Structure formats: structure tokens, C-alpha cells
Amino acid sequence: MRLSVGTLGPFLLPLVVAGGAVWMGAGKERAATVEIRARYDVQPGTLRVAVLANPPNLDPVEATDTTSAAVLRRVCSTLVALDDHLALVPDIAEALPEISADGLVYTFRVRAGVRFHNGRELTAGDVKYSFQRLAEPWSKRDWIIEPVKGAAEARRAMIERRMDRGDPQTPIEGIEVVDPRTLRITLAARQPLFPLFIAMGNAAIVPREEVERLKERFGREVVGTGAFRLVEWKDNARVVMERFDGYFGPRPTLDRVVFSIMPEEDTGYQSYLAGEQDIVQCPTGKVSLIRSSNLRDELVINPLLDVRFHGINMERVLRGPSGEVVPLGGNPETADPPVVLTPEQKRRARALRQAMNHAVDREFLCNVILEGRAVPARGVVPPKMDAFNPGLKGYDFDPARARALLAEAGFPGGEGLPVIPLHFNNQGPNALIAQALQGMLLDVGVRTELNMMDWGAYQHFLDEGKATLFRLAWIADYPDPENFLYVLFHSSMKGTKGNNARYVNPENDRRLEAARDTVDPARRKALWREAEAAIVEDAPWLFLYHSATALLVKPHVKGLVLTGMDAGSEMGQADLGRVRIEPVAR
Amino acid sequence: MGAYLLRRGLLVLPVLLLVSFIVFTLSYHMPGDPARLLMGQAANEETLALKRTELGLDRPFAVQYASYLAKVCTGDLGRSYAKKGRGVGEIVMESFAVTLRLALLATLVSVIFGVAAGVIAAIRPYSWWDYGSMLLALLGVSLPVFYLGFLLIVFVARNVGLRTSGFDDTSLWTEFQSLLLPSVALGALSTAIVARLTRSTMIESLSQDFVRTARAKGLSERVVVLRHALRNAAIPIVTVVGANMGGLLVGAVLTETVFSLPGLGREIVQAIFQRDRELIAGGVLFMSAVFVVVNLAVDVTYAWFDPRVRLE
């Protein structure tokens, strides 16, 4: 059959029309590399923010996602908190705690006149109650209170007696109310990071009567002592918070904060251009466009305390065509069942992992795929953290060195090396990153097979230890290197607790423990750096980059100070109490 | 009629039973542990085991399914794992209210514009009116809803000053504004189908003897077209509109996502990602029931349009 234009017409038409529409849509943006049309409508006293996800649960002890944490940060207060520089400052407490000489007893004095949103004044008893909630069976952050004497026992007791919501708590021995404004906390063992733990929103102080009255619904109608109170939460639509006039701190300038839940970045962006939002996340792929447009001054790139990597399962070995062991992981002897490698095999496995690291062009990932929203990772600790080691060399992009190491590992040009499965979850730029890595690794002779999964299936897959090479990210829970180095690499954290690479190095475990328990800042920093250097040398990850959040912020939003813990437009740490809306003459 | 409705109503039960079984089985075997997703990365095994017990996930499949069915029979669709403190019934009804309004408005759009375009094309066949209407219909069929939605946001909402996205139900007017563009995007495909169907059935209807008779009686062309030809052509249109209505109700997830509307489709998709089994099962079960009821309603309306149809 001959195909003429007439025959193809009906089929071509939709393509032509759709193509035209694409061209029209893109044309405006192309032409707008210098001029993007945007409106600057202002709602006086109201900060409008588009966030990507609906908060699932606002009960402090059950909230683990960033949106819930961001709402809680505004609605609740904690004994101590983090300031703009992520330094510990008193919040509900009058001052930072007095710490006993042995580092075990922390004494807090609660401010006078702190009121819950229901009007009642807060006492030290509320702090004790709220901290004990962290040990309740449904608490998702029991590790915060775990260092306190008797906390583990109290939790076990509540679990064993099948405690229900509203039932009396089992008291924690180490928490003592000295008087209505004084609280004494005794730890089971020294934990210098304890004050940082209780600065997390999960340790927010809540009123017992509201928790007992609302039971499960407390997670929907949370009551705290924060600068704003929750007035509306419509699932998948919006969360509205209004200024709480009884707030104990400086009176917020804003009357309301509205989080509009918009799961599509591009929808939020259009809403921003239409003047309906004051702050949105800049969509993936649009940063370069914005940078070269009239909106460049509205673009805020905020480096995060995070690290992005592809982990290598250190307990796994690869199998050759006839089932023979091809070493990849450094400690497969800790796997179940164990595989014992000779020292020479271990050395070759490390050379292979190092070769893979040298094959990665991190500048390309950061500057091209992520449009400058990231900086290459030379190790684990992010640059904004004080233990960051600027002298750490890490792995340069050096394909020649990668090929040499690959040959040293016994696979010249990749010959004899089995295909390595690479798993990642289908979010954000993960697929693009995985494809780029596949190309870079192939370039030196390492073949990979990409496997994309949804988060639920992916997490399950990782938990079971089935992944060989896998994507993950780590964002700081609290601003301390311990949260990166100890949690992600100590053998006691192996598997689901954080050490997903299942890295075991007894010598480094000792360094990590020493660093964790050291109080002297200089000595502590040195120990963390030593431990990090050893980890980088062992290469249990492909160290990739430290990322940044890209936000669009309208010029009429003043006084916003972002920190390294403000991931996403929900800004889980920034003090919105100081933000003002001041219309700008245009 | 009553016996017919009763019979059809009883037939719904095995359908819903089958749906519940399929959905529950699929969500049960989906990879991923709901307890793990709920408790987060830092949860230890003891905590996870406790959560599994609390949710009843440690029981055998048959027991879980039977207990779920028993609850459903009493009208309780269960509790959401992920949305603490909320019943599935409450979540489904709240989000379905948005989806229903969206689907109704989309249906209205499709009927008004689809029938009008089809009638205009039919009474002036092979004219520019005809080509123009059918070209628009072709566009409606061809453009994916998420893309059309995005075009509407970029080129219509921002130029006309309509709300681009999000759902504001503080007043009827703001709610209408929130749903207007989404309903156009969602109803586009349906509009196109209705327009093409109306055109073909109207052309056929206008060539029938009774239309010639009506014209011979001296009735105005408006009466001939609207009262005689269109009514005769209405049955297939109603069938398609009804079937589409079901489709609009259950297929609005992309529109809800693009326009950030808190509808049931989005709720179910989120539940799938969170392995929120009772919400998945409850949502799909409810959608299935709605689909069946809409189809039944369509069958019933046949009798109204065509007195020759008897429901037995």
C-alpha cells in the first residue's frame, strides 16, 4: 500500500496539533529566558506556600515526614531549639540546661507564662508527660528518649501491657519534676547529643488533657505552644495556621501561614507565576531558565545538610557466569550466609569500588543534571557542618585511574566483571542520575542494569538486603556529624537503622564510638574526620553530591532566613515568626 | 420497574464481592511493608512487629480478608493506616464529594458543548461548521488530559485571571472557580465523543421519515431538530454520557493531580504508594459501587427517552 499525505492526514493531524501546542507552550518560556510574565498579588499578613505533600500525621511522636515536621515547627515548641545558625538555644526552657560534671544529669528551668493554644499554662509536668510519650508503643522516635535512664524499660513495659491510647503512662525513672518549673533528666549513659535530640519537633511539648480528649485525632488537631495555631487542615488541599496571640516569644508579624498542597512542581510554579503563592519549590529542570530570566532575584538556592549517594552492599558478592565468587563488598563474611574472602580478594574488591568512584563525573551531575543545585561530595559530611574536612580528597573524576584500578581488581576493561544491578526509586531526578551513572560506569568498563521501583517496594527491597548498588539520600535529623557518620556507618546500625551499605569495620567502629563520646570539640572534630577518611578509603558508597533546595520567593516576602535543614518549600526549620509581607512597588 | 431494580441491585453484590477480593489480594501481595512505611526508617524490629500486630497485618490473609469483609458488611470501611485518626469511610466521602462535583461539571461541559457541536455539524454537514466542530472534537480525543490541563493553566487561567490550581471551597463561587478549568480538561474527551456521536446519530435521524413528516406539518426547523430529531437521537447519547460519567468519576486522578484537587482518585493513588490497604480497598470498592449505580441509572433513563423500552 502506498502512503500518501491524504492517507496519513488523519493520523498526522493530532501530531501536528500537539506539536504546535508544545511549540506554543515552550515558545513563551524560550522567549522568556529574559522575561517570564508573573503576577505579584499580595494577601496582607498571609504567607502562601505551595508544598508537595500532604502531612500524614501531626502528632509529634508519630511525625516523620518533612511536611508534618514543618507544620509542627510552627504549631509547637520544644524545650530547646535551633537558631538560624543551627546552634542550640533555649525555647520553652529559660536557658540551656545545667549539666552535671559526669554529663548524666540535665536540669531545665521552664519559662513562666508559656501557654498552650487552649489557654492553659505549661508546667514541667507537661514536659515530663510529653517526653514519656516518646516511649509510648506508637512513638516513631523512641530513640530520642532512649538515652534517659529507665526509658527503654518503660517502653517495654507499655508494649507488654498492650497500652492503648489514653491509658496511663509507665513513668520513666530518669525524668523527674522537681517543682512546677524545674525538670531534671538523668541519662543512663553519657550522651552529649541529648539536647540536640530534644530540639527535634518530635519532642514538642503538648497538653495532656488534649491528647487524652482527642486520642488518635490528636494527630489531626494538634495543640501546642507555638507561634501559630492549627486552624484548618483539609487533606490534599491546604493546611492553615493562624498567629497565636498568647505566644511566649516575639509576636509574629504574619497573621496566617497557608500551605497549599500541590503534588506537581509545575502546577505550583504556575500558581506562583499567577500570583497565588509567595513561595514554591523551583521545578526540576527550570533552574537554568529562571537564572537567565527576570525572576533570577526570586530564586533562592539553599544548601542542605545532606548527602546523596549510591550505596554498595558490602555484604554482597557478584557471581560470575559459572557461579564463581566475584568480590564486590568488603565484608561479605558478616552476611547470612557468610562468604569468606581472602585478603587479596578483599583488596581487589576495594579496588573495584574505588574504580567505580573514580568513574563518576560529579561535576556533570551537579551542574548539568541538577543545574547547579548541588556540590560534589568528596566524602560523607556536608560542607555546612563544622566537621566537614576541606582537605579530604575523595574521588576525582578520573577515567584513566578508574580503568587502572579496574585492571588491578582483575577486570581489565571490565572483562570478566558481571553486570551489576543498580536499583533506585522513581522520584525526582533519580532516573536521570542513574542513567548518567550507567553511562559513566560503562565508559570505564563497568556494566550496570537499571531497576526502578516505587518507594514502598524499594524500601522493602533494601531492608531485605537484596540490593547490590542502590540510591539513597540522608538529610540531617540534627546538625551533628554523628547523625551522618555513626548512624550510616557504625556496625550496630547495619541494615534498616541507617547503615544500608551494611559496612562493618571494627577499627572504624572504635573511632566512631570515641568521636560520639568525646566532648572536647577539637578532639571530636579530628576523630570524625579520621573516621570519615577511613570510610572514604573503603568506598562503601559511590559518593555523589550534597544537594540544595531551590525555591522561588516573591520579593514581598521579607525576613526569611533559611538553614541547612530547610529542605523543600515547607521549610522545616526557618522561623516564620519573623517573616513579613511588605508589598514592593513595581 | 421495582422488580427490575431489585434484581439489578442484587446482582451488584457479587460484583462488589469480587472487586473487594481482587483489590484486597492485590494490595496484600504488593511488595512493601505498610508498618515499615508508617514507622519510618529509624524504626526497630520490635516497633515494627508491634505496629503489624496493631494493624492486624500479622494475621493470615484469609483472616484479614474475612475480618475486613465483616466490617464492610456493617458499613465500616476500616481505618486508614497512614492518616492517623481517620476512618476510610470519612476519607472516601470527603474526597468523593470533590470528585463527584468535578465529574458532574465535566459531564455538564461534555453534554452542553458536545451536543451543541454535534447538532451544528449535523445540520450543516460538510460545511466549515462541520469541519470546525469535528476538528475540535478530534483535538479533544487526541490531547491527554494532563497535557490539556496544563495548557489550560498556562494559556487560559493566567490570562483570564482564573485560579490556576488548588481547591478553595470557602464559597460556592470560589469552589466553582476551582473546578471550572479542571472540568473542561476532564470533560474534553467526553465532549469530543459526544460531539461525534451526536453528529452521526443526528444525520441519521434527520434523514428519517418522521422528520420529513414533521417538516411537512409546517413545524419550525428549531422544533424539528430539537424536539423530534434530537430526542430520537438521544438514546445512544445518553448511553455514552452515562458510561462516560462513570469513567469521569473513576478516571479523574490525573486531572486531580494536575490541578491539585483533593479528590478520591488522588487519595487512592497516595494510598497505593503508602500501602494503606484498607483505604485502597475501601476507595476502589466505593468507586466500583458508584460505577455500577451510574450504569443502572443510565439503563433506567432509557425508558424515559424511549417509551418503547420496558424495564423488566
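Author: With a relative accessible area of 22%, A:R516 is partly exposed, a class that lies between buried (under 20% relative accessible area) and exposed (over 50%), as judged with a 1.4 Å probe and protein chains only. Its partner A:D517 is likewise partly exposed, at 36%, and the two side chains meet in a salt bridge with 3.1 Å from N to O, the term standing for a side-chain nitrogen of Lys or Arg within 4 Å of a carboxyl oxygen of Asp or Glu. The model is predicted, so that local features need pLDDT of at least 70 and side-chain atom pairs count only at pLDDT 80 or more, while totals for chains, interfaces and linings use all residues, and side-chain values rest on heavy atoms, with hydrogens and water left out. Residues are numbered from 1 along each chain as its sequence is written, and chains are lettered from A and ligands numbered from 1 in the order in which they are written.

Over all chains, a search of the whole structure finds 57 salt bridges. One of them joins A:E62 and A:R165, again at 3.1 Å from N to O. A:E62 lies in the loop between β1 (46–51) and α2 (66–75) of chain A, and A:R165 in the loop between α4 and β6 (175–179) of that chain, so the pair ties together parts that are 103 residues apart in sequence; helices (H or I, at least four residues) and strands (E, at least two) are DSSP runs, numbered from the N terminus. Both A:E62 and A:R165 are buried.

Turning to the boundary between the chains, A:R238 forms a salt bridge with B:D169, their closest N and O atoms being 2.7 Å apart. A:R238 belongs to strand β9 (residues 238–243) of chain A, whereas B:D169 sits in the loop between α7 (145–160) and α8 (172–206) of chain B, so the pair joins two chains. A:R238 is buried, at a relative accessible area of 9%, while B:D169 counts as partly exposed at 27%.

The count between chain A and chain B is 7 salt bridges. Among them is the pair of B:K83 and A:D235, with 3.6 Å between the closest N and O atoms. On the side of chain A that touches chain B, α1 (5–31), α4 (151–160), α7 (265–273) and α13 (455–463) each supply at least two residues, and the largest share, 8 residues, comes from α1(A).

The contact (heavy atoms within 4.5 Å) takes 56 residues from chain A and 52 residues from chain B. Together the chains bury about 4,800 Å², 51% of it on carbon and sulfur atoms, where buried area is the accessible area (1.4 Å probe) that two parts lose on being put together, summed over both.
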